[in-house]
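Trainee: I have a fold open on my screen and would like to talk it through with you. Could you take my questions one at a time?

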Amino acid sequence: MRAIKLLALFALFAVCDCYLFAAVSQSTAKLAVQAVAKRIKSDRAAKSDLGNLLRINQVLGYGSPKPNLVAVRFEATFKKNGGITGDRGEMRGQVKASVEEKEGKIGKVVSCSVFRDLGWGRAWDMKC
């Protein structure tokens with residue numbers, strides 16, 4: 001009987017391992033998004049390939065897939081330099097990133113990808 005209970009408990013955690021990790025607060029996710037935006041703004045390759053990060057439009061989701069790691073996904077607007085005025089010349093992309101976190105403090109950006117065409121093949125990956 002005890003072996004069956006242990007087997008059932010193992011099967012529960014094997015199917016849904018989300019119970020093993022802590023939830024991420026909204027303030028921690030906001031700090032993670034700000035850290036990723038700061039890293040993108042300071043990266044030369046991002047500026048040449050994507051353009052300048054103008055604004056964060058919407059946070060799409062956040063969570064903790066592994067201990068001491070915060071995963072965030074948000075939509076951002078980029079614009080390359082040029083004489084185009086208004087909204088023309090702007091590109092919206094979804095940013096998917098992972099950031100280290102310990103005791104509520106945000107660390108370095110572990111991974112970052114920008115999907116330019118919402119997942120249809122054109123993605124830009126940051127070298128971390």
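Trainee: Which residues make the nonpolar surface patch of about 240 Å²?

Mentor: Happy to start there, with a word on the ground rules. This is a predicted model, where local features need pLDDT of at least 70 and side-chain atom pairs count only at pLDDT 80 or more, while totals for chains, interfaces and linings use all residues. Residues are numbered from 1 along each chain as its sequence is written, and side-chain values use heavy atoms, with hydrogens and water left out. A patch takes residues with over 30% relative accessible area and no salt bridge, joining nonpolar side chains (Val, Leu, Ile, Met, Phe, Trp, Tyr) within 5 Å and like charges within 9 Å; a salt bridge is a side-chain nitrogen of Lys or Arg within 4 Å of a carboxyl oxygen of Asp or Glu, and areas come from the Shrake-Rupley method with a 1.4 Å probe, only the protein chains shown counting as cover for residues. The nonpolar patch here is made by Ile56, Val59 and Tyr62.

Trainee: Is Val59 buried, partly exposed or exposed?

Mentor: Val59 lies in strand S1; strands are DSSP runs of E with at least two residues, numbered from the N terminus. Buried means under 20% relative accessible area, exposed over 50%, and partly exposed in between (1.4 Å probe, protein chains only). At 42%, Val59 is partly exposed.

Trainee: Why is S2 largely enclosed by the rest of the structure?

Mentor: Within S2, Phe74 stands opposite Val59, while Val72 faces Ala97 in S3. S2 covers residues 69–79 and is largely enclosed because the buried residues number nine of the eleven.

Trainee: Which residues does Gly107 touch, not counting those up to four places away in sequence?

Mentor: Gly107 sits in strand S4 (residues 105–115) and is partly exposed, at 38%. Taking contact as heavy atoms within 4.5 Å, Gly107 touches Val99 and Glu100.

Conventions
Helices (H or I, at least four residues) and strands (E, at least two) are DSSP runs, numbered from the N terminus. Two strands pair if DSSP finds at least two bridges between them.
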